[in-house]
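Welcome! Take a moment to look over the chain below, and then we will walk through it together.

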Amino acid sequence: PGRLFPPVTGGFEQGIGTFWGDDTCENRPVRVRFLWSRITESRARWEQAFSLDKGASWETNWYMDFTRV
């Protein structure tokens, strides 16, 4: 809709980055979580998950595996 996603908070612990924030999806409040994992010198995985119950459960709806060329 022409606006940037609200800022997220979080950080890296034991090699996994966990970042979360609050937004809306289809006019409903949703908590969003981004995970960075499987990080090596040449690879990484990024995942996005939504929670409709304030983080009690998560539904991963997108992931990307990155490979350095």
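Which residue takes a positive phi in the hairpin of β1 and β2? It is glutamine 14, with a phi near 55°, and the hairpin has two residues between the strands. Strands here are DSSP runs (E, at least two residues), numbered from the N terminus.

Before going on, please note that this is a predicted model, where local features need pLDDT of at least 70, side-chain atom pairs count only at pLDDT 80 or more, and totals for chains, interfaces and linings use all residues. Residues are numbered from 1 along each chain as its sequence is written, and side-chain values use heavy atoms, leaving out hydrogens and water.

Now for the sheet: five strands form an open, antiparallel sheet in the order β1-β2-β3-β4-β5. Its edge strands, β1 and β5, each pair on one side only. Two strands pair if DSSP finds at least two bridges between them. Here are two of the pairs:

| Pair | Sense and bridges | Residues standing opposite |
|---|---|---|
| β4 (residues 43-51) and β5 (59-67) | antiparallel, eight bridges | glutamine 48 and tryptophan 62 |

Threonine 9 lies in strand β1. Threonine 9 counts as partly exposed because its relative accessibility is 47%, between the limits for buried (under 20%) and exposed (over 50%), with a 1.4 Å probe and protein chains only. Beyond its neighbours within four places in sequence, threonine 9 is in contact (heavy atoms within 4.5 Å) with Thr18, Phe19 and Trp20.

Terms used. Helices (H or I, at least four residues) and strands (E, at least two) are DSSP runs, numbered from the N terminus.
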